[in-house]
Amino acid sequence: MIFPFQMTGNPFFRKKWVHIGAGCIVICLLLAVLVPVAAKIYLADWLEKNGADNATVESLWFNPFTGRLTVGAVVSQSHGRSLLQQNELMLDLSLVDLFHRNIRLESGSYSGLVLDVEQYRDGAWRFGTYTVGGRDKGDRGDEGGKTGQVAQTPGEPWGFLADNVVLTDCRLHLKSDQLDFELIIDEARIRGISTREGALPGSFFLRGTLDGEPLEFDLDVVTIAPYLDIGGKVAIKRFKLAEIAAFLEESLPVFDGDVSVIGKAEVTMKESGLVAHYDGAIDLQSARIGSDDFVTGATSMGWQGQVNFDDSSTSGMTIVTDGTLKTGDYMFSMPGGQLKIEEELIELGGKTRVVLRDGVTVTNDGSLVIANGSFASPGLAVTQENFQWQGKLSYALSDQKEGHDIKGEGRLLIDDLSLHQNQQTPLLAISKVEIDGLQGTGENNVAAKSFVAERIQLTVQGDMPLDVSVPVLELSQVFAGEFGRSAHADSLQVQNPRIVSRQNGEELVNVGGISVQSVALENGTNVSVKEADFVDLAFLGGGHNGEEQPGLSFTLATLAGIDWSVAGGFGCSKLLVNDLVASVIKSSDGTLEINRRLEAMKKTAPAAADEQEEGEGERSAAPPFVLGEVVVGGTSVLYFEDKTLAVPFKTDLALKEFTVTGIDSASPDEKTKFSVKALLENRAPVDLTGELQPFTAPLALSLSLGLKNYPLESISPYTVQSVGTALASGQLQLDTNVHLEDGYLKMKNKVTLKKLETKRISEKQAQELDNQLPIPLDAALSVLRDKDRNIELNIPLNGPVSDLSVGVADVVITALGKAIVPAASGYLMYALGPYGALAYVGMKVGENVLKVDFPPVQFDPGAVSITGQHEDYLKRIATILQNRPETDLQLCPQVASWEFMDTDEVANAETEEIEPPEEQLEQLIGLGQQRGEAVQRHFVEDYGIAADRLLICTTQVNKKKKAVPAVLLQL
């Protein structure tokens, strides 16, 4: 070989080592030139052999002295498409590090890279035109390249170090059956990254676009060995979930929306597990995810805060979040309208910790806000304007035991909560619900310091549709367990609840307030209350204009010791009512006003008769009802008004004492005792005591009633209506004993009428009454009155209750008719003393007329003077007249026809009757009148009897031989 610089004359160049050195230099130069050319040709050939239809490499150069490798433009095409191309690749390698099995890339730049990556159906991957893996080439399509083999080189692993690598204007296209992405790298930098342990962390920066949307990674910590540790800023402006929808199509056929991620992430992957941390924002727009079973979505969903994931500990997988999740226009629905949930805003903030080990444990300390939410299912819909939770929650589900454990502590607020049931008007509406001190104590138990609901509106449907309103309802120290089967509250306060008819707008019930102490629920069906107070209750108040008399009202009712259960019924140890006011008003058509007002609140269309009968047939026995004691106190009054009369009857009964004990439907044979002391019309004392068996069939009753000083004019409307006579004045005293058993009534009435005065209002009705009495009413009352102008009557009433039908006229006629004869005869027997046996009191035969005959005042023939033998008898008659100031006495003279005849002539008369001589007849009549006047004068002068009460009759001439001259006395 001849070198151009050979100098034969110089012995230096003739040395062998010089020749060898020069040869090495020449070889190195040739290698430096020829190897890159050969590599360039080999690379193009390799690309064509591995799937490229056409491959070109513009240049490839390696400087062995500096370690720089430069590859010019490369283009690899298949089927007319460029699947791999680049502008320039320049790498600066540290040759010294190669001796230490380190590939150290001191610097590098890569520009204009275009790489097309595709996965085939058989699982093979194509990188540009080079394909690896896979089972069936037939599934790769026309672009399938040849499968290459990756050689595995045993030995000590090589290390890779990249000090500074820059990529610009690169494009990566990834495609599979389920994915199709295009990543454009505007700029990427790798600095200080090493696969050797102990190396300092490197960094990685990438800015570009993913499917046309901005993308940026700025990782200031990148460690590969001994474990992967990366961290830095991540910014994905927009990623379309539809890009991966096909990947999830089997489980989630609906998967759409736009997601963006801007924040800082840290990921550490050790042999013990994965640790990740993210701090930033995740935003999801127009999200919609669903399957055949459900669809859910939101117009917007955003997370701002931290997320920590730790799977490296033996204590289990831990996920910790600290931030705010905000969702706009959220919805969840199930097909067929089974369930639909819509929320205008959901905002979840605070710290949440989730631990997965032998179950699930979730703890949260933060807040939850839901605005304008709705829940709908068939026949039921729930809406709320604002839902706020602030506090702590924990949930535990263990593999070691059944059930789950929920605990918590915080405050819950709900605004404008409403419940609808197939209607536009809410079945239940609550303006505000506030639960303070809410605690979940575990084992399905929940407690709260207070529960407050404001402006409650409840709609009650049915035959009598009602609106129930409660301004404020408050529970304190509430506890609920066993999913609501047991509960307890120290107190329940209800302010001014009202019940109003939806039919006519009239108020049914108005309560000033309800206060309940110690209310408890056991086993889901048993309710107990220590004490319940109802303040200022009005039932059927004053109506629309306040003109109606309230049906019932009281200032306070206290129920103590309440128990209720489905099987055991209702029980209460004591009911105390203060200031009770009740009104019973009988309208002009005979119906009770309270019934009329209740009927007006019902729907007009009545239920069919068949349906009513069927319902009655299916009605089961009523549950037991027990009430230990009922006491009415305070200023309590009962009002009664009867508008069926021409002149309405009104009265009132002021209760002074009212006690009922022993009401027990479970023991029907036990007697209920009652005692009432009252004042009728503020003047007449009433005393009522007795006992009854209200739950026996038929009803059993025994009572005693006493009434004093009741003004008779008060009941005058009834006597005017029935007998046409008013009771102008007087007082009533009544003693009544009633015994009712087996449907048979026995009643004894002792009636005392003090200073009774009457006045005829209807002559026709008064005359009808007189015709039915033994004597006219005025005369009857005159007979019955004593010297103090009082009348005492005993009126028994016996018979089956089913046959009992007694009116006021019947009472008057029967009482007076039966009382006149025995009252008159008994009194006269007493007043006349030894002369009483000669008196007669009775009814005229065949006539309903009273007849009273006193013993006559007898005279000797021809005598006209009152003698001593008459004195005692006439005094007794005078006493009767004095004691009966309204009773008149008829003086009827009776003379014998023979008084002026000779005694022998009378004795020798052959007949029993003696005709008086004509000349003596006028004399006999005069004699009788003188005797009557003598008796009249004796009563007037000696006893002060008014002369106009002593009525002298026409003298009667008795023609019998045995006739006795006398003055007959008759009432």
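# Notebook: side-chain links in a predicted model

I began with Lys-671, which is partly exposed at a relative accessible area of 44%. For my own reference, buried means under 20% relative accessible area, exposed means over 50%, and partly exposed is in between, with a 1.4 Å probe and protein chains only.

A note on ground rules before going on. This is a predicted model, so I kept in mind that local features need pLDDT of at least 70 and side-chain atom pairs count only at pLDDT 80 or more, while totals for chains, interfaces and linings use all residues. Residues are numbered from 1 along each chain as its sequence is written, and side-chain values use heavy atoms, with hydrogens and water left out.

**Entry 1: salt bridges**

What does Lys-671 pair with? I found a salt bridge to Glu-691, with 3.2 Å between the closest N and O atoms. The term covers a side-chain nitrogen of Lys or Arg within 4 Å of a carboxyl oxygen of Asp or Glu. These two residues link distant parts of the chain: Lys-671 sits in the loop between strand E36 (649-664) and strand E37 (672-680), Glu-691 is in strand E38 (residues 684-693), and they are 20 residues apart. Strands here are DSSP runs (E, at least two residues), numbered from the N terminus, as are helices (H or I, at least four). Glu-691 is also partly exposed, at 24%.

I then asked how many salt bridges the structure holds. The count came to 19. As a reminder to myself, side chains of opposite charge can pair when their charged atoms come close.

Next I looked up Arg-411 and found a salt bridge to Glu-434, the closest N and O atoms being 2.8 Å apart. This pair also links distant parts of the chain, with Arg-411 in strand E23 (residues 404-420) and Glu-434 in strand E24 (residues 428-442), 23 residues apart. Arg-411 has a relative accessible area of 34% and is therefore partly exposed. Glu-434 is partly exposed at 21%.

Asp-467 and Arg-502 came next, and their side chains meet in a salt bridge at 3.0 Å, N to O. I traced Asp-467 to strand E26 (residues 466-481) and Arg-502 to the loop between strand E28 (498-501) and strand E29 (507-522), distant parts of the chain that lie 35 residues apart. Both partners are partly exposed: Asp-467 has a relative accessible area of 25%, and Arg-502 has 35%.

I also noted a network of salt bridges that links Glu-187, Arg-189 and Arg-207.

**Entry 2: cysteines**

How many disulfides does a search of the whole structure find? I got 1, taking a disulfide as a pair of cysteine sulfur atoms within 2.5 Å. Cys-892 and Cys-953 are the partners, with 2.3 Å from S to S. They join distant parts of the chain, Cys-892 in strand E46 (residues 889-896) and Cys-953 in the loop between strand E47 (950-952) and strand E48 (956-958), 61 residues apart.

Are the two cysteines buried or partly exposed? Cys-892 is buried at 13% relative accessibility, whereas Cys-953 is partly exposed at 21%. I looked up Cys-572 as well, and it is buried at 4%.

**Entry 3: aromatic pairs**

The structure holds 3 aromatic pairs. My cut-offs were ring centres within 6.5 Å for Phe, Tyr and Trp (its six-membered ring), with planes under 30 degrees apart stacked, over 60 edge-to-face and the rest tilted.

Phe-294 and Phe-332 are one of these pairs, and they count as stacked because their centres are 5.8 Å apart and their planes are at 20 degrees. Phe-294 is in the loop between strand E17 (273-290) and strand E18 (295-310), and Phe-332 is in strand E19 (residues 317-333), 38 residues apart. Phe-294 is partly exposed, at 27%.

Phe-570 and Phe-625 are also stacked, at 5.5 Å centre to centre and 20 degrees between the planes. Phe-570 lies in strand E32 (residues 569-578) and Phe-625 in strand E34 (residues 625-633), so this pair ties together parts 55 residues apart in sequence. Phe-570 is partly exposed at 24%, and Phe-625 is partly exposed at 34%.

**Entry 4: one buried serine**

Ser-486 is buried, at 12%. Leaving aside neighbours within four places in sequence, Ser-486 is in contact (heavy atoms within 4.5 Å) with Phe-479, Ala-480, Gly-481, Leu-521 and Glu-522.
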